[in-house]
Amino acid sequence: MWRDATLVAGRDLRVEARSRVTVNQVAPFALLVLILFAFALDPEGPVLERATPGLYWVTVLFSALLAIARSAKLDEADGVRDALRLSALDPAGVFAGKAVAVAAELVALELLLGAGVVVLYGADPAGVGLLVATCAAATAAVATAGTLYGALVSGLRVRETLLPLLLLPVLAPVLIGATRAFDAALGGVPADGWPWCGLLAAFAVLYSVAGALAYGTLLEGS
Amino acid sequence: MTATTPAGSPSGPPPTAPATGAASAAGASASAGGDAGHRPPAGAGPAHTGSAATRAVGWLALASLALLVLYGLVISPADREMDDVVRLMYVHVPSATYLYLGCFITTLASGMWLWKRTPGWDALAETGAEVALVFAFVTLLTGSLWGRPTWGTYWTWDARLTTTAVLTALLVGYLALRRLDVDPDARSTRAAVVGLLLVPNVVIVNRSVEWWRSLHQSATLARIDPTIEGDMLVALMVGFLALGLVFTWLTIHRFRVAWLEQQADRVDLDAALAARRAEAADGDLDSDPHEKVTPA
């Protein structure tokens, strides 16, 4: 299974490295959203500083939607879905590989956005350990849930509009947890943030298991 | 609800299997558990969504709603603190309960469909979510109307309210997926995965939201007086009974509509297949196929 996962993750990342959709389109979009938030909320006032964790994660979620839709779309063209079915790759491995590839893209986006909020919003990254742990857990949560729901809408004509409708309510707890943890790391007491980190990790584990179990059914059933 | 022409309607073909009225209608759920690969002949099963039993449930629901109006608005007293607004509780609390019951039905039926692959479970999963959404709107509406005079605001970020709002979004997403015009089997599989995750998602959302709010403020929602008694308790019980009957009636009817929809899809498919076979049997494949399609 892990060998299959490596293969699929390598393929997805190779496609990404050649097409550069994340680098050329998703990353600039994410930075643009950060700038738009500064326009919407007075950048000199205290509002932006207090809202920084929330804005950061909302931006990550919106950018993640694009990355997830892109990842699901890779399997639609040229009968890739049928090829995957015939390839005797473990469906759980395919799921894990796609999730890892999405997670790698998300980590790059988060680093970029992190630099963005430090430069643009003047955030002070204090509790580095908590920030890193939160990013890791939230990335795993978004990537696993996103890959599962991406497979659910892949191949449908209305996937662009249906994916946010299905995925965003599911990711509501991730947004809450990641924002609270960042709040604690940036301005509050870091110890308050660790339980939220645990919630994110539990979410990631749940969706890893659900995705690994359901992916075969979804691959076969459509 | 979608208006489906039942196979046994006057315009349709005569049923090939003798319909046995209420008995066959009541057997819908039983035949739903049958072999998925075995296609029942067109017209088998219930030809209507109503039967003697559901009509009885319907009348009972109406009667108990009248009783609820009587108890909720006339007999039960106004609350000392909440005044007349308390009367909304007789609808609100049962609605919320049946909302969650509908969600459980969807998750259970989705799991059973993934396991057994019999179309009845698929229809039941859709039914649960749709009826739950109706009760979700009733819950949110009565809750907001209650909150305005009681808390001074239509909406507050209380854990229960937020959970219900997210749950409503989850239900809307699930039903949007169900409405897609794609291959029914693929759609059912995808919908079943979403439906199976419905209750776990609600639990996670509820836990996280409760935790989130508890960091900021103590619970906004003053608990309903646990020593509720007398006519108010009776009114609440009547509310549970009346809305429970409404829930049952809606569930049965919606299930039958979903079942008939599946049957109608099959009848159409069978008719199309029969038309193609008739063409092939004529051995006249060179001619324009569109001219040859006549109702078998």
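This is a predicted model: local features need pLDDT of at least 70, side-chain atom pairs count only at pLDDT 80 or more; totals for chains, interfaces and linings use all residues.

Visitor: Which residues make the contact?

Guide: Helix 5 of chain B contributes B:P119, B:A123, B:L124, B:E126, B:T127, B:E130, B:V131 and B:V134, while helix 9 of chain B contributes B:F247, B:L250, B:T251, B:R254, B:F255, B:A258, B:W259 and B:Q262. Sorted by class, this contact of helix 5 with helix 9 of chain B has ten nonpolar, three polar and three charged residues.

Visitor: I clicked on B:F135. Where is it found, and is it buried or exposed?

Guide: B:F135 lies in helix 5 of chain B, and B:F135 is buried, because 24 other C-beta atoms are within 10 Å, where 20 or more are needed.

Visitor: What is B:F135 in contact with?

Guide: If we leave aside its neighbours within four places in sequence, B:F135 is in contact with B:S95, B:Y98, B:L99 and B:G102. As for B:A272, which is 137 residues apart from B:F135 along the chain, the C-alpha atoms of the two are separated by 39 Å.

Visitor: Zooming out, how many helices and strands are there in chain B?

Guide: Chain B has ten helices and zero strands. Of its 296 residues, 38% count as buried, and among the contacts in chain B with a separation of 6 or more, 78% are between residues 24 or more positions apart.

Visitor: And chain A, how many helices and strands does that have?

Guide: In chain A there are eight helices and zero strands, and buried residues make up 48% of its 222 residues. Its C-alpha atoms fill a box of roughly 55 × 35 × 30 Å along the principal axes.

Visitor: What radius of gyration does chain A have, and what would a compact globule have?

Guide: A compact globule with 222 residues would have a radius of gyration near 17 Å, and chain A has 18 Å, which agrees.

Visitor: At what angle do the axes of helix 5 and helix 8 of chain A cross?

Guide: The axes of helix 5 (residues 91–120) of chain A and helix 8 of chain A come within 8 Å and cross at roughly 110°, and these two helices are therefore roughly perpendicular to each other. On the helix 5 side, A:P91, A:A92, A:V94, A:F95, A:A96 and A:A99 meet A:G211, A:A212, A:Y215, A:G216 and A:L219 in helix 8 of chain A. By class, that contact of helix 5 with helix 8 of chain A has nine nonpolar, two polar and no charged residues.

Visitor: Last topic: how many residues of chain A are in contact with chain B?

Guide: In chain A, 22 residues are in contact with 23 residues of chain B. On the side of chain A that touches chain B, the elements giving two or more residues are helix 7 (159–186) and helix 8 (190–220) of chain A, and helix 7 of chain A gives the most, with ten residues. The residues on this side of chain A divide into 17 nonpolar, four polar and one charged.

How values were computed
Residues are numbered from 1 along each chain as its sequence is written. Chains are lettered from A and ligands numbered from 1 in the order in which they are written. Two residues are in contact if their C-beta atoms, placed from the backbone, lie within 7 Å. Helices (H or I, at least four residues) and strands (E, at least two) are DSSP runs, numbered from the N terminus. Ala, Val, Leu, Ile, Met, Phe, Trp, Tyr, Cys and Pro count as nonpolar, Asp, Glu, Lys and Arg as charged, and the others, Gly among them, as polar. The radius of gyration is taken over C-alpha atoms; the globule rule is 2.2 Å times the number of residues to the power 0.38. A residue is buried if 20 or more other C-beta atoms lie within 10 Å of its own, exposed if 12 or fewer, and partly exposed in between; C-beta atoms are placed from the backbone. Axes are lines fitted to C-alpha atoms, for helices over the stretch in contact, and angles run from 0 to 180 degrees between N-to-C directions. Angles under 35 degrees count as roughly parallel, over 145 as roughly antiparallel, 65 to 115 as roughly perpendicular and the rest as oblique.
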